[in-house]
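Please look through the structure shown here before reading the report.

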Amino acid sequence: MKVLVAVKRVVDFNVKVRVKADQSGIDLANVKMALNPFCEIAVEEAVRLKEQGIASEVVVVSVGPVAAQEQLRTALALGADRAILIEHNEELSALAIAKLFKAVVDREQPQLVILGKQAIDSDNNQTGQMLAALSGFAQGTFASKVTLAGDTLNVTREIDSGMQTVALRLPAIVTTDLRLNEPRYASLPNIMKAKKKPLETLTPADLGVNTASTVTVLKVEAPATRSAGIKVKSVAELVEKLKNEAKVI
Amino acid sequence: MTILVIADYATDSQGNKVLASATLNTVAAASRIGGDIHVLVAGAFVGAVAEAAAAIEGVSKVLVADNPAYAHQLPENVAPLVTGLVIEQLAIYSHVLACATSNGKNILPRVAAALDVDQISEIITVESADTFKRPIYAGNAIATVQSSAAVKVISVRATGFDPVAAVGGSAIIEALATAHDAGISSFVSEELAKSDRPELTAAKIVVSGGRGMQNGDNFKYLYALADKLGAGVGASRAAVDAGFVPNDMQVGQTGKIVAPQLYIAVGISGAIQHLAGMKDSKIIVAINKDEEAPIFQVADYGLVADLFEAVPELEQAL
């Protein structure tokens with residue numbers, strides 16, 4: 001079966017971001033960018049399905065600026081077969097992205113679509129579920145285990161109270177949680193090979209998708225900072241402070 | 001203006017369905033928006049949850065969809081129920097709110113997409129009926145966003161809103177006859193964490209362990225301390241990834257968001273992803289032998305010490 005993986009270019013998870021002085025957003029100038037960690041797990045899962053002989057082809061898609069080609073090449077180096085970039089420079093809402101992915105689903109007809117559960121920049125946790133709704137597919141969100149039995153996909157999900165397993169009819173959507181797998185590192189030969197793999201570029205207009213949003217960002221501020229308190233010298237002093245100063249025990 | 005709140009509930013250790021406390025915080029956010037508040041309870045055998053919802057302060061009506069199709073809150077079936085309610089009563093519902101719990105996060109974006117509106121995730125304040133604040137970049141920035149959608153679909157981060165009273169209300173309960181069964185998904189099994197300790201997101205005190213705990217067995221020191229304090233027990237991603245404790249204990253950007261009166265971080269270095277899940281706690285205590293650990297930069301009280309000596313000593317001192 002064909003597997004579609006959606007990925008996002010985001011600020012590297014190690015970077016401590018700064019808000020722009022005019023409060024219009026985050027300062028992204030000269031900031032290291034990377035593949036969203038959850039998306040990396042999604043690519044790894046698809047590649048493993050291919051290695052197990054379950055997936056016949058792994059197609060990776062992203063919406064973003066020309067530079068998002070870097071992240072698509074990373075996915076190709078990890079083992080995806082070909083890539084599609086839907087080029088768009090401005091930030092889009094999760095719904096607009098889901099509509100673009102839906103258009104790609106219609107074109108590619110995958111049996112399984114794997115996405116990260118959330119992007120570490122916008123922290124929305126929406127796109128996979130929205131794509132599932134638009135496509136009429138079942139969804140297995142926050143997956144920590146995925147197994148295929150015939151045309152049923154069993155997905156074990158990380159939920160607030162533990163783990164839950166659901167059975168989904170294919171085609172289906174899976175969104176990845178942290179413990180689904182540990183992504184591999186791309187080897188140098190695979191990085192070289194990835195440069196020759198096909199990468200198609202489309203625009204939202206090519207796909208006939210209206211990307212207008214009903215949400216406007218009015219401003220972006222730095223959060224209230226928490227300053228370091230004091231160091232206590234002993235457990236006895238800690239207990240005294242918690243009882244008499246903070247009054248929390 | 002009427003707000004529809006999707007109730008969340010969980011199954012307790014006796015197998016009873018109980019209203020999730022996050023529902024009270026979500027109703028609190030709804031009251032900040034203003035207007036009539038309706039609560040939807042969808043599930044199978046959820047009569048007790050509906051009664052609990054009807055007792056919530058400020059709720060005027062509880063809609064109950066009690067049908068096997070809604071068991072385990074399967075999103076493929078619950079989302080069309082919500083969408084149907086909103087479309088049928090478009091003149092009524094101005095907002096649809098859900099808790100940012102694993103159920104709310106699973107269901108709500110399906111509702112938003114079906115209604116063709118954007119969703120606003122994890123609001124922490126209500127500025128007005130159409131303007132909200134929400135954290136982005138693991139809480140390293142706060143965005144103020146405004147929605148022009150006819151129906152505003154919003155998930156609520158519980159720590160942003162003090163819960164309304166669970167009792168005192170007397171909403172009318174209305175049964176819904178509709179049953180949406182998409183027939184594309186089914187529940188197989190569940191492995192629920194068994195714990196007599198308070199649920200992490202509702203606990204007044206949380207004790208969390210990190211990589212410094214070295215193994216799962218050593219969490220017994222934290223359990224002993226937690227039991228003395230009546231606290232919930234959490235963990236950093238490092239401790240969960242290392243297999244010390246199960247995933248439902250993870251506190252952080254992608255785990256649970258907590259804001260207790262007292263948070264005690266033990267053997268946790270304090271990566272920004274962990275801080276995102278606990279930095280709104282009232283008082284933070286850090287116990288770590290590495291005095292350079294970033295956790296000390298947010299701790300009200302830091303103790304540089306070997307946790308295997310300090311934690312038992314702390315437990316004895318209480």
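## Chain B as a whole

This is a predicted model. Chain B contains eight helices and 18 strands. Its radius of gyration is 20 Å, close to the 20 Å that the globule rule gives for 318 residues, so chain B is as compact as a globular protein of that length. The C-alpha trace of chain B spans about 60 × 40 × 40 Å along its principal axes.

Of the 318 residues in chain B, 62% are buried.

## The contact between chains A and B

In the contact, 73 residues come from chain B and 66 residues from chain A. On the side of chain B that touches chain A, 39 residues are nonpolar, 20 are polar and 14 are charged.

Strands from both chains pair with each other: strand E12 (residues 215-221) of chain A runs antiparallel to strand E10 (residues 141-147) of chain B, with six bridges. Thr216(A), for example, has Gln146(B) in E10(B) as its bridge partner.

## Helix H3 of chain B

Helix H3 of chain B covers residues 75-88, which is 14 residues. At 1.5 Å a residue, H3 should span 20 Å, and this agrees with the 19 Å between its end C-alpha atoms.

Is H3(B) largely enclosed or largely open? Of its 14 residues, 11 are buried, so H3(B) is largely enclosed by the rest of the structure. The buried residues include Pro75(B), Glu76(B), Asn77(B), Leu81(B) and Val86(B).

Methods. Residues numbered from 1 in each chain as written. Chains lettered and ligands numbered in written order. Predicted model: local features only at pLDDT ≥ 70, side-chain atom pairs only at ≥ 80, totals over all residues. Helix = DSSP H or I, 4+ residues; strand = E, 2+ residues; numbered from the N terminus. Rg over C-alpha atoms; globule rule 2.2 N^0.38 Å. Buried ≥ 20, exposed ≤ 12 C-beta atoms within 10 Å, placed from the backbone. Contact = placed C-beta atoms within 7 Å. Nonpolar A, V, L, I, M, F, W, Y, C, P; charged D, E, K, R; others polar. Pairing = 2+ DSSP bridges. Expected span 1.5 Å × (residues − 1).
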